[in-house]
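We will go from stop to stop.

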Amino acid sequence: MSQPLLDLQDVVFRWPGQAAACLDIANFQVAADEHVFIHGESGSGKSTLLNLIAGVLLPQQGRLTALGQPLPALSAAARDRFRVDHVGLIFQQFNLIPYLSVLDNVLLPCRFSRRRRERAGDMKQAAATLLNHLGLGEDLWQRPATQLSVGQQQRVAAARALIGQPEIVIADEPTSALDAARQEAFLGLLRQECAAARAALLFVSHDQRLAEGFGRRVDMAELNRAAGRGGDEGTAGEAAGAAVPASLPHPRPLSRGERGDQA
Ligand SMILES: Nc1ncnc2c1ncn2[C@@H]1O[C@H](COP(=O)(O)OP(=O)(O)O)[C@@H](O)[C@H]1O
Ligand SMILES: [Mg+2]
């Protein structure tokens with residue numbers, strides 16, 4: 001690949017207070033508009049890797065560039081700006097803002113990022129198009145986002161990640177609350193929308209059955225030389241929670257179960 005969208009070389013990351021490295025990655029490149037399925041056991045460093053790519057965490061060693069920018073060389077404020085301008089994030093718990101409507105949740109990145117706003121054009125129209133593509137009808141748009149079913153909330157989170165065409169879309173095990181058929185339907189829609197926007201998609205899951213349809217699969221056990229040695233295997237501290245921009249309220253657990261969803 002000529003100029004990769006993401007370029008990691010000899011990246012080492014160690015959590016504070018831990019003796020062993022959590023991540024040790026010799027080489028990892030992702031091209032623009034590539035769809036990568038990253039799998040690995042709980043505790044293998046998947047969320048930590050995503051947080052490095054999103055500029056939330058910084059490696060102690062190595063080279064990490066995203067869109068040609070060396071993230072470790074940027075200030076914290078510049079990394080926040082990079083993230084809101086160029087990265088769409090879908091978290092396991094979706095992190096929708098409970099007191100905002102579906103539509104306002106989707107529009108949120110455009111409020112934080114002028115670049116996303118400009119790329120969206122008419123941002124309400126852009127939100128409407130995404131919501132329609134993801135199968136969320138207009139009758140839902142003014143509802144508080146967290147009153148929707150889990151499957152619907154997941155699609156709201158996807159629309160929010162996609163609005164304003166960020167170059168990188170990151171999804172951290174966002175489907176685990178859904179059954180297999182719904183997971184696959186959601187993934188199909190997500191891949192389709194990323195392809196339409198020419199965004200790279202990094203989709204993380206411990207469930208390899210979801211890998212079908214991805215152009216590329218990456219196994220953390222192979223990518224991460226530190227996987228399986230050291231760290232607190234199995235505790236899986238949900239590092240992605242830290243990826244919420246400081247200006248957004250902290251994530252809260254889902255309050256409702258799956259009900260009547262048409263994924
Ligand atoms: N905030 C944290 N502080 C210290 N250690 C952490 C933190 N988050 C994760 N870890 C550790 O890093 C390792 C990888 O975690 P994580 O990236 O969440 O794995 P995965 O997403 O693959 O389940 C685990 O050993 C975990 O305990
Ligand atoms: Mg994780």
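Here is a short tour, from the whole chain down to single residues.

**The whole protein**

Remember that this is a predicted model. Show everything at once to begin. The protein has eight helices and nine strands. Of its 263 residues, 45% count as buried. Now think about contacts with a separation of 6 or more: residues 24 or more positions apart account for 79% of them.

**Colour by confidence**

Next, colour by pLDDT. The mean for the protein is 86, and 85% of the residues reach 70 or more. Then select residues 231-263, where the pLDDT is below 50. Beyond near neighbours in sequence, this stretch has 65 contacts in the model. Where pLDDT is low, predicted coordinates should not be read in detail. Hide the stretch if you like, and move on.

**The antiparallel sheet**

Select S1, S2, S4 and S5. In which order do these four strands lie? The order is S2-S1-S4-S5, in an open sheet with antiparallel pairing. Look at S2 (23-30) and S5 (69-70), the edge strands. Each has a single partner strand, so one side of each is left without a neighbour in the sheet.

Zoom in on S1 (residues 6-13) and S4 (residues 61-66). These two run antiparallel and are joined by five bridges. Pick Gln9 and look across to S4: Arg63 stands opposite.

Most residues other than glycine have a negative phi. Asp10 is not a glycine, yet its phi is positive, about 50°. Is Asp10 buried or partly exposed? Count the other C-beta atoms within 10 Å: there are 13, so Asp10 is partly exposed.

**The parallel sheet**

Clear the selection and show S3, S6, S7, S8 and S9. These five strands form another open sheet, in the order S6-S7-S8-S3-S9, and the pairing is parallel. The edges are S6 (87-90) and S9 (216-219). Each of these has a single partner strand, so one side of each lacks a neighbour in the sheet. From one strand to the next, the twist averages 15°.

Zoom in on S3, residues 35-39. Strand S3 pairs with S9 in the parallel sense over four bridges. Select Phe37, then find Arg217 opposite in S9.

**A pair of helices**

Now show H6 (residues 150-162) and H7 (residues 180-196). They pack at an angle of about 15°, with their axes 11 Å apart. Angles under 35 degrees count as roughly parallel, so H6 is roughly parallel to H7. Their crossing is right-handed.

Which residues make the contact? Show side chains for these:

- From H6: Gly151, Gln154, Arg155, Ala158 and Leu162.
- From H7: Arg182, Phe186, Leu190 and Glu193.

**The last stop**

Select Glu173, in the loop between strand S7 (168-172) and H7. Here too the phi is positive, about 45°, although Glu173 is not a glycine. Is Glu173 buried or exposed? Within 10 Å there are 24 other C-beta atoms, so Glu173 is buried. A residue counts as buried at 20 or more.

How values were computed. Residues are numbered from 1 along each chain as its sequence is written. Chains are lettered from A and ligands numbered from 1 in the order in which they are written. This is a predicted model: local features need pLDDT of at least 70, side-chain atom pairs count only at pLDDT 80 or more; totals for chains, interfaces and linings use all residues. Two strands pair if DSSP finds at least two bridges between them. A residue is buried if 20 or more other C-beta atoms lie within 10 Å of its own, exposed if 12 or fewer, and partly exposed in between; C-beta atoms are placed from the backbone. Two residues are in contact if their C-beta atoms, placed from the backbone, lie within 7 Å. Axes are lines fitted to C-alpha atoms, for helices over the stretch in contact, and angles run from 0 to 180 degrees between N-to-C directions. pLDDT is the predictor's confidence in each residue, from 0 to 100. Angles under 35 degrees count as roughly parallel, over 145 as roughly antiparallel, 65 to 115 as roughly perpendicular and the rest as oblique. A crossing is left-handed if the near helix is turned anticlockwise from the far one by less than a right angle, and right-handed if clockwise.
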